[in-house]
Amino acid sequence: MPTSLPDSPHIRRLTREDLLFCADLSENRGWPREEHKWSLLLTAGTAYGIDDPSGKGLAACCTVMSYGPELAAIGMMLVAEQHARQGIGRRMMQHVLKEASGTPLTLHATPQGQLLYEGLGFTTVGRAEMVRGHFRPPADVAWAASITRPATAEDLPSIVRLDTEVFGPDRTHMITRLPAFADHLRVAEENGKLTGYAAAWPNMETHVIGPLIARDTRTAQALITSLAPATDRPFRTDIDDRHQELLTWLKAHGLHSVAFNTVMTHGIDELPGDWSRRFAPLSVAAG
């Protein structure tokens, strides 16, 4: 079997049947397998792949989560180690840009990938800090319980409205998947009106907090605190680094900095929505 890729490798649409190949490719690059997240990305979004010429698995992949004509989020851009530094990532991204047909794009770039994206016309609009650790709740947790509660099916329309108000584009197709995708979904409210919501979904040995949308830092703290009793796993989340007050608070309560990603866009100068209430994405791959 051939082991090298042709100059113009065939890029195909991936399906749910490719989940294990995607997880294997993540592992090949030293990333966690994240099969639960891959399942969401492959069913709710569009994924592209290049088959390994050996006939075993993928040589490269990328996901795109569309939020209509206003925005699409690119994620999980991976090239197998044995095919790295051969221009495969650039070819994949050029294909994604062509398929987007002018739709504004966003992605979270690792330091290793940022130069590639800059060369394709992406510009930096922000930064996110990944923090992780066993959360130590504050001494007084009554305040968190007083303004938060578990979300119910009846809350979904209100959650979608709040999410669209804060995120910008309508991502109903993602938010309505949260009750099944996440282990825990909580809302904050005041006088019967939702002021925030947060999900905690399982990812390997952690629970990822995201989305995290809240009226202010205090509300975000209450949502995180209210999620803590439901799990003994470490928390992981990617916080917009403009929210330094929340980051400082998280680090004082057991989480530590793991990595930084550069938030980039193509076709727009800044992300839509209200960043002041958008604390963490659903995931860096989905926006």
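Biologist: What kinds of residues, by class, make up the lining of the second largest pocket?

Modeller: That lining has 16 nonpolar, five polar and seven charged residues. Ala, Val, Leu, Ile, Met, Phe, Trp, Tyr, Cys and Pro count as nonpolar, Asp, Glu, Lys and Arg as charged, and the others, Gly among them, as polar. Keep in mind that this is a predicted model: local features need pLDDT of at least 70, side-chain atom pairs count only at pLDDT 80 or more, and totals for chains, interfaces and linings use all residues.

Biologist: What makes something a pocket rather than a cavity?

Modeller: Picture a 1 Å grid over the protein atoms alone: a cavity is a set of points where a 1.4 Å probe fits but cannot get out, whereas a pocket is an open set with protein on both sides within 12 Å along at least five of seven lines. Lining residues have an atom within 4 Å of a point. Points are joined across faces, edges and corners, and the volume is the space filled by probe spheres set on them. For the second largest pocket, that volume is about 430 Å³. Its lining has 28 residues, and the closest to the centre are Asp 240, Arg 242, Val 263, Leu 271 and Arg 278. E6 gives the most to this lining, with four residues.

Biologist: And what about the largest pocket: how much space lies in it?

Modeller: About 1200 Å³. It is lined by 42 residues, with Trp 31, Met 77, Leu 78, Thr 110 and Gln 112 closest to its centre. Strand E4 (72–79) supplies the largest share of that lining, six residues. By class, the lining comes to 22 nonpolar, 12 polar and eight charged residues.

Biologist: How many cavities of 30 Å³ or more does the structure hold?

Modeller: One. The largest cavity has about 50 Å³ of space, and its lining includes Lys 37, Trp 201, Arg 236 and Pro 281. Strand E11 gives the most to it, with three residues.

Biologist: Why is Thr 217 called buried?

Modeller: Buried means under 20% relative accessible area, exposed over 50%, and partly exposed in between, with a 1.4 Å probe and protein chains only. Thr 217 has 15%, so it counts as buried. Leaving out residues up to four places away in sequence, Thr 217 touches Glu 245, Leu 246 and Phe 279, where a contact is heavy atoms within 4.5 Å.

Biologist: What makes helix H9 largely enclosed?

Modeller: Of its 11 residues, 10 are buried, so H9 is largely enclosed by the rest of the structure. H9 runs over residues 217–227; helices (H or I, at least four residues) and strands (E, at least two) are DSSP runs numbered from the N terminus.

Biologist: Which residues have the most contacts inside the largest nonpolar core?

Modeller: Trp 38, Met 65, Met 174, Leu 178 and Tyr 197, in a core of 41 residues. A nonpolar core is a set of buried Ala, Val, Leu, Ile, Met, Phe, Trp, Tyr and Cys residues joined through side-chain atoms within 4.5 Å. Beyond four places in sequence, Trp 38 touches residues including Cys 22, Arg 33, Cys 61 and Leu 78.

Biologist: How do you know whether Ala 59 is buried or exposed?

Modeller: Its relative accessibility is 0%, so Ala 59 counts as buried. Ala 59 lies in strand E3 (residues 58–66). Ala 59 and Cys 22 are 37 residues apart in sequence and 9.7 Å apart in space, C-alpha to C-alpha. Cys 22 is also at 0%, so it counts as buried.

How values were computed:
Residues numbered from 1 in each chain as written. Heavy atoms only, no water.
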